[in-house]
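Let's take a walk through this chain together, from its overall build down to a single residue. Have the sequence and the 3D view at hand as you read.

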Amino acid sequence: MSLPYYAVIFTSTRTEVDESYNEMAIKMVELAKEQEGFLAVESARNEIGITVSYWESLESIRNWKQNLDHLDAQKKGISKWYEKYTVRICLVEKEYSFQK
């Protein structure tokens with residue numbers, strides 16, 4: 001990924017309802033990958049879930065937020081799957097990593 005780019009950090013706490021959650025999560029990742037400006041995604045879940053998606057621009061993030069299937073998933077998340085969530089959008093200006 002070339003700098004700078006944007007990171008959308010989605011943190012969530014789930015309800016006890018599991019109805020179709022995993023299927024929807026997989027579908028959302030696949031749809032996001034098809035969006036113009038999508039770069040990558042990373043996700044983990046224990047007590048809280050953390051999904052970080054990476055995007056070329058704020059415009060590409062806005063377009064993803066308005067995707068009709070994504071809007072449907074957002075509504076289901078609010079009504080069934082999440083106790084709470086927070087979305088943070090950050091500009092990534094520098095990065096470094098380590099790998100053996």
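Two residues are in contact here when they have heavy atoms within 4.5 Å of each other. With that in mind, please note that you are looking at a predicted model.

Start with the fold. You will find 3 helices and 4 strands in the chain, and reading along the sequence gives the pattern β-α-β-β-α-α-β. Among contacts between residues at least 6 apart in sequence, 75% join residues at least 24 apart.

Now for the overall dimensions. Along the principal axes, the C-alpha atoms fill a box of roughly 40 × 35 × 20 Å. The radius of gyration is 14 Å, which agrees with the value near 13 Å that a compact globule of 100 residues would have. Of those 100 residues, 31% count as buried. The chain exposes about 7400 Å², and carbon and sulfur atoms supply 51% of that area. As for charge, there are 13 positive and 16 negative side chains, with the centres of the two sets 4 Å apart.

Let's zoom in on Thr 15, which sits in the loop between strand S1 (5–14) and helix H1 (21–34). Is Thr 15 buried or exposed? Its relative accessibility is 19%, so Thr 15 counts as buried, the cut-off being under 20%.

Which residues does Thr 15 touch, leaving aside its neighbours within four places in sequence? They are Lys 80, Trp 81, Tyr 82 and Glu 83. A polar atom of the Thr 15 side chain lies 2.5 Å from the backbone oxygen of Lys 80.

Terms used:
Residues are numbered from 1 along each chain as its sequence is written. This is a predicted model: local features need pLDDT of at least 70, side-chain atom pairs count only at pLDDT 80 or more; totals for chains, interfaces and linings use all residues. Side-chain values use heavy atoms; hydrogens and water are left out. Helices (H or I, at least four residues) and strands (E, at least two) are DSSP runs, numbered from the N terminus. The radius of gyration is taken over C-alpha atoms; the globule rule is 2.2 Å times the number of residues to the power 0.38. Buried means under 20% relative accessible area, exposed over 50%, partly exposed in between (1.4 Å probe, protein chains only). Accessible areas come from the Shrake-Rupley method with a 1.4 Å probe; for residues, only the protein chains shown count as cover. Lys and Arg count as positive and Asp and Glu as negative; His and the chain ends are not counted. The place of a charge is taken as NZ of Lys, CZ of Arg, CG of Asp or CD of Glu. A polar contact is a pair of N or O atoms within 3.5 Å; within protein, one must be able to donate a hydrogen and the other to accept it, and residues adjacent in sequence count only if both atoms are side-chain atoms.
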